[in-house]
Amino acid sequence: MIERTNYKEQQTPYFEVLSEDQKERIFNGMMRTLQYTGANVHHEKARELFKKAGCKVDGVRVYFPPEVTLNALSTVPPVTEVFPWNGNRSKKIIIEKKRSYFGPGPTPPNFIDTDTLERRKYLRKDANIVARVCDALPNMGYVQSLGSISDVTNGLADVYEFADMVRNTTTPIMSWSFTREGCHDIHRMGIAMAGGEEEFKQRPNYIFYGEPISPLVSDFHAIDKCMYCAEHRIPQVYSPCAIGGGTVPATHAGQIVVALSESMVGVIAAQLMSPGTCVIIGGVQSILDMRYSVYSYGAPELSLLSAAMTEMVHYCNLPMYSTAGCTDTKKMDIQSAMEASLSINAAMMSGANFVHDCGYTESGLTGDVFQTVMDDEIIGMARIIEKGVEVNEKTLAVDVIDNVGPGGHYLYEDHTMDHFRDHWMPTLMDRNSYEEWDKLGRKTMKERIIDKTRDLIENYEGPRSKVSEKADSEIEKILQEAERRIKSEG
Amino acid sequence: MDLSRISETLISGKADELKKMVEEAVNDDVNPSDILNQGLLPGMDAVGQKWKAGDMFMPEVLRCAKAMSSAMDYLRPKLKDDDIGNAGTMVIGTVAGDLHDIGKDLVAMMFEGAGYKVINLGIDQSNENFINAVKEHKPKLLGMSALLTTTMPRMGEVINSLKEAGIRDQVTVIIGGAPVTDDFAKEIGADLYGPNAGTAVGIAREYFQKK
């Protein structure tokens with residue numbers, strides 16, 4: 001039976017920064033920039049590819065006429081799936097509009113030591129920790145390492161990181177590399193985990209992350225890796241870290257025009273190489289703090305810019321790589337929680353596909369897995385707001401209200417039993433009575449975060465023992481070959 | 001009969017099934033004291049632990065308490081007065097001028113779940129009603145609750161009336177309610193303070209064990 005007719009329903013809260021007219025205007029700003037200003041592409045083969053497609057090339061500068069850009073946007077896939085290597089469907093990623101997955105970020109040089117809580121260089125063992133902790137956290141939808149390994153052969157931090165992480169989490173990884181060769185090593189490991197090249201093409205198990213340089217520059221390695229991923233159908237991110245007032249205009253609209261334009265170079269290259277391959281754009285969109293000359297990861301502008309950028313990227317029918325859960329503080333404190341809460345909620349409301357940097361502190365210079373654990377709790381809360389209010393006969397509960405009447409209570413009702421579990425259950429937030437809180441040692445949020453994180457590090461096993469012997473030895477072999485490669489490169 | 005099945009049925013909160021099982025056990029000549037001490041009470045203990053650990057939640061715990069309570073209604077007349085686990089009687093009510101009953105009812109249910117026979121006086125109870133109930137039922141515990149700061153002092157008045165009637169020593173007084181604190185309980189001369197329905201039973205049990 002139809003319950004209602006001509007009835008409008010809103011499943012989730014509605015949040016929008018830009019109107020359709022504004023989006024069109026920003027889009028046209030990007031088209032004007034690509035056509036008349038163009039971008040520098042430091043890669044001869046890529047320039048040849050663009051020239052063949054109808055671009056004007058002058059030295060390293062490439063000008064993209066509208067039909068080239070529009071053609072590229074016409075072949076981007078509406079949806080792409082990424083599969084956990086063990087086949088766990090609950091961890092599958094569906095890359096399509098308005099589905100949000102949160103995760104850490106790539107490559108800060110420093111890490112907060114999980115024993116001493118002091119900042120130091122990022123070590124190989126940290127990649128293992130981040131992978132396992134993120135594997136255990138319910139709200140981390142994909143994984144990045146939160147650092148760049150300092151204690152392996154120079155030039156192999158990327159390869160070791162992937163080798164260690166992929167065997168310690170089934171949550172899909174977003175990897176990075178220095179060069180095409182590193183990209184290739186990582187890809188071979190992805191194939192080893194998938195069980196073969198065809199299996200990988202059918203069910204890709206990781207995403208690759210690369211970035212152009214603002215403003216409007218694609219360096220050799222960035223576009224080289226982009227083309228490698230396109231050729232091998234590896235879902236990839238091609239997104240800049242645009243610094244408002246520094247590398248892009250101080251005005252938000254201008255920042256988005258430049259960020260979109262430089263990202264579009266990767267989209268066009270990838271679609272020309274392999275139409276239909278998945279390219280995700282977006283990146284870090286924030287401002288240069290003109291007092292301290294710091295690229296702020298806690299600025300409210302980051303949230304606003306990221307939400308507006310998400311709308312523009314979705315306007316182009318592309319998936320968005322957004323930013324949240326990060327902070328400018330040096331040590332876990334009230335500021336880190338304030339900044340992370342605001343940005344996570346804004347990113348969640350915007351509907352960005354991937355939201356990275358959960359666990360970035362010190363303005364992106366230090367990875368902190370304690371921050372990631374705190375962010376996991378904030379994401380849980382934000383998801384409740386995002387879910388919205390369900391309105392139907394069952395949720396209206398008018399019959400139940402009639403049954404209980406004035407002055408009663410609902411704790412015995414079957415209706416309550418059926419629905420109370422929809423309420424969010426905190427894992428870190430304190431809702432104890434004063435006495436219970438006192439008895440439990442008067443722990444602050446910081447102490448509870450440290451306890452939970454250390455408990456996961458010590459006791460959460462992760463999937464390491466489930467990696468097949470074949471994949472395991474293949475990965476070890478790839479690492480040995482990578483060592484020989486670096487030696488021969490000198 | 002395997003009495004752990006009674007515990008399991010209690011934990012699952014199925015009141016009808018539990019009552020049937022207890023009846024069967026009695027008909028099979030199982031000692032009522034064993035049914036209580038090896039079946040029902042271990043079940044309620046497990047519920048309490050699961051609640052504390054966050055594996056069970058209030059609506060589920062209340063179902064278990066309700067199941068326990070109806071099983072106890074059947075079993076209590078068959079128990080001897082000095083049976084260990086036959087926890088005793090509790091009189092509970094909300095003080096005069098206060099119409100709040102949910103919190104107090106939860107506490108009552110939890111005590112019933114712990115094996116107490118609970119006399120729930122209801123809301124807006126005069127000092128006199130409390131005194132008469134204590135005289136009549138001779139409870140081990142008197143529970144009082146207030147949600148309003150304006151009605152809180154009534155609890156102290158009831159305690160004074162108990163003293164005047166010469167029966168203060170016969171009963172242990174436990175108080176609670178959102179604005180009530182441990183300090184307030186001490187101030188008015190109550191024996192125990194239960195910060196919430198979940199912990200009140202444990203606090204009383206600990207107190208009687210020490211005593």
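This is a predicted model: local features need pLDDT of at least 70, side-chain atom pairs count only at pLDDT 80 or more; totals for chains, interfaces and linings use all residues.
**Chain A overall**

Chain A contains 18 helices and 20 strands. Its C-alpha atoms occupy a box of roughly 80 × 55 × 50 Å along the principal axes. A compact globule of 490 residues would have a radius of gyration near 23 Å, and the 24 Å found for chain A agrees with that. Of the 490 residues in chain A, 49% are buried.

**Domains of both chains**

For chain B, the assignment gives domain 1 (4–78) and domain 2 (88–210).

| Domain pair | Distance between C-alpha centres |
|---|---|
| Domain 1 and domain 2 of chain B | 25 Å |

Within chain B, 12 residues of domain 1 are in contact with 8 residues of domain 2. On the domain 1 side of this contact, the elements that give two or more residues are helix 3 (32–52) and helix 4 (58–75) of chain B. The largest share, 7 residues, comes from helix 4 of chain B. By class, the domain 1 side has 9 nonpolar, 1 polar and 2 charged residues.

**Contact between the chains**

How many residues of chain A are in contact with chain B? There are 9 residues on chain A, in contact with 9 residues of chain B. On the chain A side, helix 15 (414–419) and helix 16 (434–439) are the elements that give two or more residues. The class composition of the chain A side is 4 nonpolar, 3 polar and 2 charged residues.

**Helix 3 of chain A**

Helix 3 of chain A spans residues 66–74, and its buried residues are Val68(A), Thr69(A) and Ala72(A). Viewed down the helix axis, these buried residues fall within an arc of 95 degrees, so they line one face of helix 3 of chain A. An α-helix has 3.6 residues a turn, so residues three or four places apart point the same way. The buried residues of helix 3 pack against helix 1 (20–37) and helix 9 (252–273) of chain A. On the other side of helix 3 of chain A, the exposed residues are Pro66(A), Glu67(A), Leu70(A) and Ser74(A).

**The sheet of chain B**

In chain B, 5 strands form an open sheet with parallel pairing, in the order 2-1-3-4-5. Strand 2 (116–125) and strand 5 (192–193) of chain B are the edge strands, each pairing on one side only. Strand 5 of chain B pairs with strand 4 (residues 172–176) of chain B in the parallel sense, over 2 bridges. Within this part of the sheet, Leu192(B) in strand 5 is the bridge partner of Ile174(B).

**Local backbone features of chain A**

The peptide bond from Ser214(A) to Pro215(A) is cis, with omega near -5 degrees. Pro215(A) sits in the loop between strand 10 (206–210) and strand 11 (217–218) of chain A.

Leu146(A) is not a glycine, yet has a positive phi of about 70 degrees. Leu146(A) belongs to the loop between helix 4 (124–136) and helix 5 (157–166) of chain A. Is Leu146(A) buried or exposed? Leu146(A) counts as buried because 33 C-beta neighbours lie inside 10 Å, the cut-off for burial being 20 or more.

Ser363(A), also not a glycine, has a positive phi of about 55 degrees. Ser363(A) is placed in the loop between strand 19 (360–361) and strand 20 (366–367) of chain A. With 21 other C-beta atoms within 10 Å, Ser363(A) is buried.

Terms used:
Residues are numbered from 1 along each chain as its sequence is written. Chains are lettered from A and ligands numbered from 1 in the order in which they are written. Helices (H or I, at least four residues) and strands (E, at least two) are DSSP runs, numbered from the N terminus. The radius of gyration is taken over C-alpha atoms; the globule rule is 2.2 Å times the number of residues to the power 0.38. A residue is buried if 20 or more other C-beta atoms lie within 10 Å of its own, exposed if 12 or fewer, and partly exposed in between; C-beta atoms are placed from the backbone. Two residues are in contact if their C-beta atoms, placed from the backbone, lie within 7 Å. Ala, Val, Leu, Ile, Met, Phe, Trp, Tyr, Cys and Pro count as nonpolar, Asp, Glu, Lys and Arg as charged, and the others, Gly among them, as polar. The arc is that of the directions from the helix axis to the C-beta atoms. Domain bounds come from an automatic or database domain assignment. Two strands pair if DSSP finds at least two bridges between them.
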